[in-house]
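Good morning, and thank you for coming. I would ask you to look at the structure on the screen while I go through the ligand site and then a few points of backbone geometry.

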Amino acid sequence: MSHLAAAPAPSVRVRAPGKINLTLRVGPVAEDGYHPLVTVFQAVALHEEVTATEVPEGAGISLTVEGPQAERVPLDSTNLAWQAVEAIARHVGLDPSVALHIAKGVPVAGGMAGGSADAAATLLACDTLWGTALPREELAGLAATLGSDVPFALLGHTAVGTGRGHLLTPAMTRGEFHWAFATRDEGLSTPEVYRRFDELTGPTAPSVGDADDNGLMQALRAGDARALGAALQNDLEAAALDLRPELARTLEIAQDGGALGTMVSGSGPTVAALARSRQHALALAATWTAEDAADAVWCTTGPASGARVL
Ligand code: C5P
């Protein structure tokens, strides 16, 4: 007599990238509590991988996480991936039941949008698993309800973001840029960094309408890493440095090591350095480690693709 094993439950695996902001220009806080932004996002080849597995109807959502600093990721409805399941289930009128597993490759709470990548990957994974085949614009609309950085994690590559950062226009780039990142175990809270930005700039923060990113866009189109390094700009950097003064030394070490440009990534505390080559990125990272100026170091390239089914 043959012995038939039960077929494994269907599952879908999706990969989504972390990001950096090549420029991040922040205007004065608006009435809704958000700051108008003009930013240039670049997706980098550090990825989150989300596996969504079918479970019986009514079973609800379950969540497991593996990877660096996985113990710092919440496993309940405060996790953006959990909220992504609820949002897409509501949108398509299906039962929000699925088992999610997240393999982390983006630093946790580092200003690199790892949680946003999880949410973007989860939207695409559920859409694929449930066969709902939503158009990308509809997924992007759902993504924007989850967080300002979630639509970019779907889109990937390089894009200009306006509004809260969620209105995206793809940007032309050539070639590959090499990045080194210094991360800290203790994260920074994004709302807290924005609050400090408000305190430091007062009511007179210049309007973002005046932002000029022509030099940066030209550097991207030409694949000119040196010009890109000179054009990096983050209006939240002063606030992040005020909250975490030790980041100044991390920036300085990379500058002394010949980085083409340095900045705090997004709302921090991750520090990003643009390198001349992969070897140079590895050397910068090694110096941070030797000087004890980071809890962990990462080397990668950008741009990288947006969320896609594996
Ligand atoms: O949109 P998201 O949930 O990622 O934003 C987290 C917090 O960051 C917001 O609650 C707000 O305090 C701050 N934020 C902001 N302006 C933006 C984006 C985020 O003030 N454009």
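Let me begin with a term. A pocket here is an open set of grid points, computed over the protein atoms alone, with protein on both sides within 12 Å along at least five of seven lines. A molecule counts as sitting in a pocket if more than half of its atoms lie within 2 Å of the grid points of that pocket. Please also bear in mind that this is a predicted model.

With that term in place, the space taken by the ligand is the largest pocket. Which residues surround the ligand? They are G33, Y34, H35, L37, G147, S148, R164, T190, P191 and Y194. By type, this shell consists of four nonpolar residues, five polar residues and one charged residue.

As for secondary structure, helix α5, residues 190-201, supplies the largest share of the shell, namely three residues.

A polar atom in the side chain of H35 is 2.7 Å from a ligand oxygen. In the side chain of S148, an N or O atom is 2.6 Å from an oxygen atom of the ligand. R164, by contrast, takes part through its backbone: a backbone N or O atom of R164 lies 3.3 Å from a ligand nitrogen. How much of the ligand does the protein cover? On its own the ligand has 450 Å² of accessible area, and the protein covers 73% of this.

Finally, the backbone. The bond from G268 to P269 is cis, with omega near 5°, and P269 is located in the loop between β9 (261-264) and β10 (271-275). G302 and P303 are likewise joined by a cis peptide bond, with omega about 0°; P303 belongs to the loop between β11 (296-302) and β12 (308-309).

Although Q69 is not a glycine, its phi is positive, at about 65°. Q69 is found in the loop between β3 (61-66) and α1 (80-92).

Key:
Residues are numbered from 1 along each chain as its sequence is written. This is a predicted model: local features need pLDDT of at least 70, side-chain atom pairs count only at pLDDT 80 or more; totals for chains, interfaces and linings use all residues. Side-chain values use heavy atoms; hydrogens and water are left out. A residue is near a molecule or strand if one of its heavy atoms lies within 4 Å of it. A polar contact is a pair of N or O atoms within 3.5 Å; within protein, one must be able to donate a hydrogen and the other to accept it, and residues adjacent in sequence count only if both atoms are side-chain atoms. Accessible areas come from the Shrake-Rupley method with a 1.4 Å probe; for residues, only the protein chains shown count as cover. On a 1 Å grid over the protein atoms alone, a cavity is a set of points where a 1.4 Å probe fits but cannot get out, and a pocket is an open set with protein on both sides within 12 Å along at least five of seven lines; lining residues have an atom within 4 Å of a point. Helices (H or I, at least four residues) and strands (E, at least two) are DSSP runs, numbered from the N terminus. Ala, Val, Leu, Ile, Met, Phe, Trp, Tyr, Cys and Pro count as nonpolar, Asp, Glu, Lys and Arg as charged, and the others, Gly among them, as polar.
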